[in-house]
Structures are given as C-alpha cells and as structure tokens.
Amino acid sequence: MQRLINVHCKDLQNKNNWKIKSSKPSDYMISIVEETKKLYKVLGSVLDKTTIQIIFSQVFAMFNTSLVDYFTKLRLKEIGKLRLYQDIEHLINSLGSLEGLKEVVKPLDVLKDFFKSQFKN
C-alpha cells in the first residue's frame, strides 16, 4: 500500500490539476480509493471481519503518515485547496462506506485536521 501512495502521489507538486476547478476528486485520489477497495474485496473473501479491521487500521495509519508527507510539500492557491479538501473527503467517505470499516476509517480524520492547520485562510 505504501507503493500505491508513492506511485500516485510522487508528482503531486507538479500537477496542473490544482489550478483547475472540478466537481470530482483528482485522479490520484480516485486511483488510491479504487485500489484500496480492490484490496478490501480480495481480503474480504478470505478473512474475517475482525482481521480485516486490524489490517485496514494499519493501512489507514500509513495513509495518514504518507499523505500528510506529500500534502505538506504542496503550495496551493484557493482552487487547489478546495480540490485537496475534496480529495480528502472522497477518501474518507468512500473507504468509510465499506462494510465494517466505518469506525476504522475515523483516524483518517487526521487528514482533515492537517488540512485545516496547514491551509487555513
């Protein structure tokens, strides 16, 4: 999963999409969510609910650390800040909607707290 974050986030700072207003999340975040859902589906077919919760609590902790590291490097204008917040919301809402992960996803709220502290106006 760390590789997943690295692959999709390595060039965030250089992407032009931070300057374009959009009603949908950024491609990097859509990919992270889709690939995480695939992992959930595969693990869900062979593991019990408790084990899946343990695994995903560790995955989400890694997401917090890695995404904050990448997001810290961004220098965003107003549209970029809105896009980033939209991406964070998409991650939390999409993964929180997976069965059995509603409580496990709560630590991802750290990303919202980071956003508020880093990009407050």
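## Tyr85 in helix H4

Tyr85 has its place in helix H4, where helices (H or I, at least four residues) are DSSP runs numbered from the N terminus. At 27% relative accessibility, Tyr85 counts as partly exposed, a class that lies between buried, which means under 20% relative accessible area, and exposed, which means over 50%, with a 1.4 Å probe and protein chains only. If its neighbours within four places in sequence are left aside, Tyr85 is in contact with Lys112 and Phe115, contact meaning heavy atoms within 4.5 Å. The C-alpha atoms of Tyr85 and Phe114 are separated by 10 Å, although these residues lie 29 residues apart along the chain.

## How to read the values

The model is a predicted one, in which local features need pLDDT of at least 70 and side-chain atom pairs count only at pLDDT 80 or more, while totals for chains, interfaces and linings use all residues. Residues are numbered from 1 along each chain as its sequence is written, and side-chain values use heavy atoms, with hydrogens and water left out.

## Helices H4 and H5

How are H4 and H5 arranged, roughly parallel or roughly antiparallel to each other? H4 and helix H5 (residues 109-119) pack at an angle of about 170 degrees, with their axes 9 Å apart; the axes are lines fitted to C-alpha atoms, for helices over the stretch in contact, and the angles run from 0 to 180 degrees between N-to-C directions. H4 and H5 are therefore roughly antiparallel to each other, since angles over 145 degrees count as roughly antiparallel, those under 35 as roughly parallel, those from 65 to 115 as roughly perpendicular, and the rest as oblique.

On the H4 side, the contact is made by Lys81, Leu84, Tyr85, Ile88, Glu89, Leu91 and Ile92, and on the H5 side by Asp109, Leu111, Lys112, Phe115 and Phe119. By class, this contact of H4 with H5 has 8 nonpolar, no polar and 4 charged residues, where Ala, Val, Leu, Ile, Met, Phe, Trp, Tyr, Cys and Pro count as nonpolar, Asp, Glu, Lys and Arg as charged, and the others, Gly among them, as polar.

## Helices H2 and H4

Helix H4 (residues 78-96) also packs with helix H2 (residues 27-44), at an angle of about 10 degrees and with the two axes 10 Å apart. H2 and H4 are therefore roughly parallel to each other.

In this pair, Tyr28, Met29, Ile30, Ile32, Val33, Thr36 and Lys37 of H2 meet Leu84, Asp87, His90, Leu91, Ser94 and Leu95 of H4. The contact of H2 with H4 has 8 nonpolar, 3 polar and 2 charged residues.

## Helices H1 and H3

Helix H1 (residues 2-9) and helix H3 (residues 49-72) have axes that come within 10 Å and cross at roughly 20 degrees, and H1 and H3 are therefore roughly parallel to each other.

From H1, the residues Gln2, Ile5, Asn6 and Cys9 take part in the contact, and from H3 the residues Met62, Phe63, Ser66, Leu67 and Tyr70. These residues divide into 6 nonpolar, 3 polar and no charged.

His8 has its place in helix H1 and is buried, with a relative accessible area of 18%. Not counting residues up to four places away in sequence, His8 touches Tyr28, Ser31, Ile32 and Glu35.

Leu12 is found in the loop between H1 and H2, and at 1% relative accessibility Leu12 counts as buried. Apart from its neighbours within four places in sequence, Leu12 is in contact with Trp18, Tyr28, Tyr70, Phe71 and Leu74.

Between Lys21 and Lys112, which are 91 residues apart in sequence, the distance in space is 20 Å, C-alpha to C-alpha.

Ser22 is found in the loop between H1 and H2, and at 26% relative accessibility Ser22 counts as partly exposed. What does Ser22 touch, not counting residues up to four places away in sequence? Ser22 touches Arg83 and Gln86, and its C-alpha atom is separated by 9.2 Å from that of Leu82, 60 residues apart along the chain. The side chain of Ser22 also reaches the backbone nitrogen of Lys24 at 3.1 Å.

Definitions and conventions: Helix = DSSP H or I, 4+ residues; strand = E, 2+ residues; numbered from the N terminus. Polar contact = N/O pair within 3.5 Å; in protein donor to acceptor, adjacent residues only side chain to side chain.
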